[in-house]
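Open the model in your viewer and show the whole chain.

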Amino acid sequence: MSSLAECSNLGHQHPAVIEAIRRQAEQLCFVTSAWGAEPRAALAQALLEKADFEGGRVFFTLAGADANENAVKFARQASGKPRGHIITRDRSYHGASYACMALSGDARTRDQVDPQALGVLHVPPPYAYQGAFGSHDATICGERAVVAISETIDRLGVDTIAAVLMEPNAGTNGIVAPDNYWPNLRQATRSRGVYLIADEVMSGFGRCGEWFAWQRYGDIGKPDLMTLAKGLTGAHLPLGAVVLSAEIAARLQHDMLYTGLTYCGHPLSCAAGLAALQAYENEDLIVRSRTLGARMFAELKTMQGRHAVIGDVRGGHGLFAVIELVADRVTREPLAPWPAMPAALNALVEAAMAEGVSFACRGNLILLAPPLVIDEHALADALAQLDRLLARFFPAPS
C-alpha cells in the first residue's frame with residue numbers, strides 16, 4: 001500500500017519495461033552523458049512534451065536527491081546568484097544527501113547539518129489541520145503561508161534569493177497544501193523574478209492524478225524547474241531528472257555546467273524510463289490513479305466516521321492519501337510528538353505485515369500510496385484490513 005518507497009508505481013517487473021531494458025542491454029549498456037544515446041534523447045523529448053516545457057532541456061541524474069541538488073545549482077547559476085538563498089519549508093523532504101538534508105525541513109536530521117551555512121531558509125508549512133498561521137481554515141492558511149514566503153523574499157531582498165523549492169502535493173511529511181497555495185506561490189515568485197522549483201520526485205507520474213502534480217492548476221502553476229525520480233522508471237532502475245524551462249535553458253546554454261556524475265543519463269535507465277512513460281500512457285494509468293484515488297479517499301473519509309482516532313484525511317487527487325491519527329479529535333492533540341511513532345501504530349503495521357499488507361507510516365501518519373496498477377479488489381481488501389486493525393489497536397473509548 002506504499003509502492004515500497006512511493007516509487008513502484010507500475011508494480012514489480014512490468015513486462016514492457018523489462019523488455020525495454022533487455023533490448024537496450026543488447027544494443028548499448030553504457031556511454032557517458034557527454035556522448036549521445038538514443039533512449040536518453042527520446043526520454044528527454046517525452047518529458048518536455050508531457051510537461052509542455054517547449055524549448056526546455058532535461059538533465060538526467062541518478063536519483064531524486066541529486067536532481068534537487070542540480071536544480072538548485074541551475075537556479076543559482078541562471079539567476080546570476082551563485083550563493084543565492086533557497087527557500088524551502090519546514091516539514092519537507094528533498095533527499096538524504098547533505099545538501100538535501102539542509103533543503104529538507106526534517107526534524108530527524110536537524111542536528112546533522114546547518115541549513116543557513118548552505119544558503120537554505122525554512123518557512124512554516126501550510127498545515128491547516130494543526131492551525132498553522134493561526135487558522136484551521138485551509139484557504140486562509142494557504143494565503144498566509146504564501147505571504148510568509150513573499151515577506152521573506154521582500155525582507156532579504158530579491159537580489160539575495162535564487163529560488164523557492166517546494167513539493168506541489170504529496171510528500172512523506174504528510175502535509176497536503178490547500179488548493180490555493182501552489183497557484184498563489186507561483187504568482188508570488190513570478191512577480192518577484194524568483195525561480196520556483198517543483199519537487200515532483202514523489203508526486204509525479206500519476207501519483208497525484210496528473211503527470212505532474214502542478215498540472216492540476218494548469219499553466220498558471222507551471223514552475224521554472226521540476227525534479228523527478230521514483231516513478232520516472234517505476235523504480236525498475238535508478239534515474240532522476242531536472243526539467244528546465246526554455247528561459248533557464250537559454251540562460252545556461254553557453255555556460256559551463258560543473259555537474260554530472262559518471263552514470264547520469266545511463267542508457268539502460270533511460271530506456272526503462274521511456275518504457276515506463278509509455279506504460280502510463282498506454283494503460284491510461286494517470287486517469288486510473290485519479291479515479292481509484294477518489295474511491296480510496298471516499299472510503300477513508302467513511303472510515304473516519306467509524307474511528308475517533310482518525311483526526312484528518314488528506315489528499316485524494318490520485319492514489320495518495322494521508323491519515324492523521326490524534327489522541328483527541330476536538331483538540332487535535334497528536335498521539336505522539338512529531339516525529340515519534342505511537343507504539344499502537346507500530347503494532348498495527350506489524351500486524352498488517354503478518355497478514356501480507358505493508359503500510360507506510362511516519363509519526364502519527366499513515367501514508368497510502370499503492371501502485372497505480374493495483375487490482376481494485378486488492379485495494380478494497382487492504383482498506384478493509386486497515387479498518388479492522390484500527391478498531392483492534394485504537395478501540396473506541398467505553
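Select the charged side chains of this predicted model. The protein has 34 positive and 41 negative charges, and their mean positions lie 2 Å apart. Positive means Lys and Arg, negative means Asp and Glu; His and the chain ends are not counted. Each charge is placed at NZ of Lys, CZ of Arg, CG of Asp or CD of Glu.

A word on reading the model: residues are numbered from 1 along each chain as its sequence is written, and side-chain values use heavy atoms, without hydrogens or water. As the model is predicted, local features need pLDDT of at least 70 and side-chain atom pairs pLDDT 80 or more, while totals for chains, interfaces and linings use all residues.

Now show the C-alpha trace. Along its principal axes it spans about 70 × 55 × 35 Å. Switch to cartoon: there are 12 helices and 12 strands (DSSP runs, H or I of at least four residues for helices, E of at least two for strands, numbered from the N terminus).

Colour by burial next. Buried residues make up 57% of the 398 (buried is under 20% relative accessible area, with a 1.4 Å probe and protein chains only).

Select residues 310–315. This is strand E8, and 6 of its 6 residues are buried. Find Ile310; its bridge partner in E9 is Leu325.

Note on methods:
Buried < 20%, exposed > 50% of the residue type's maximum accessible area, 1.4 Å probe, protein only. Pairing = 2+ DSSP bridges.
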